[in-house]
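Hi,

Here is the structure I promised to pass on. Please open it first, then read my notes below.

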Amino acid sequence: MAIRESSRDEKPLTRGWAGCLAVVGGFLAGAVVWTAGAGPGVRGGFEGERDLSLVYVELPLLLFGMPALALAVWALLTGVLRVKEGVGALVMVAVLALAAWAGMEWLDVRTAPFTPENRW
């Protein structure tokens, strides 16, 4: 029975799983941002007005854009820049938090006409 080196064999496996977790984290962040931010425009805040472009444009953009951003950042960090996985994970969390904040700000602007305090 041969003994294998665990450091060389385990590294690609953990990078693959970490990349998958980054994509899942991006998908979840996009879903949470859209659910929290697009509510007034989809439910119809003022006199039943609705903006269905929030469903057709912003929902796919957040659900597919955030995981694509996470995958691109993860590939850049681990593949090109060769940072350690712990540092890459911290940077990934920071990038997703920044993207979630930007998405919430964008949806606040888009749904402002549907909130009562911004009418007249």
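Which residues make up the largest nonpolar core? Ten residues do: Ala29, Val33, Trp34, Ala38, Leu54, Leu62, Met66, Ala99, Ala100 and Leu107. Keep in mind that this is a predicted model.

Three helices each supply at least two residues of that core: α1 (6-37), α3 (53-80) and α4 (85-110). There is also a second, separate core of eight residues. Ala22, Ala70, Val73 and Leu77 are among them.

Met66 is worth a click. Leaving out residues up to four places away in sequence, Met66 touches Gly26, Ala29, Gly30, Leu61, Leu96, Ala99 and Ala100.

Now the overall picture. The protein chain has four helices and zero strands. Along the sequence, the pattern reads α-α-α-α. Of the 120 residues in the protein chain, 30% are buried. The accessible surface is about 8000 Å², and carbon and sulfur atoms account for 71% of that. Take the contacts between residues at least 6 apart in sequence: 73% of them join residues at least 24 apart.

Next, α3. This helix bends by about 30° at Leu59, and Pro60, a proline, follows within four residues. Its buried residues include Leu54, Leu62 and Met66, which also belong to the largest core. Ala70, Val73 and Leu77 are buried in α3 too, and these three sit in the second core. After α3 comes Arg82, with a positive phi near 55°.

Best wishes

Notes. Residues numbered from 1 in each chain as written. Predicted model: local features only at pLDDT ≥ 70, side-chain atom pairs only at ≥ 80, totals over all residues. Heavy atoms only, no water. Core = buried A, V, L, I, M, F, W, Y, C linked by side-chain atoms within 4.5 Å. Buried < 20%, exposed > 50% of the residue type's maximum accessible area, 1.4 Å probe, protein only. Contact = heavy atoms within 4.5 Å. Areas by Shrake-Rupley, 256 points an atom, 1.4 Å probe, with all protein chains shown as cover. Bend = angle between axes of the 7 residues up to and from the residue.
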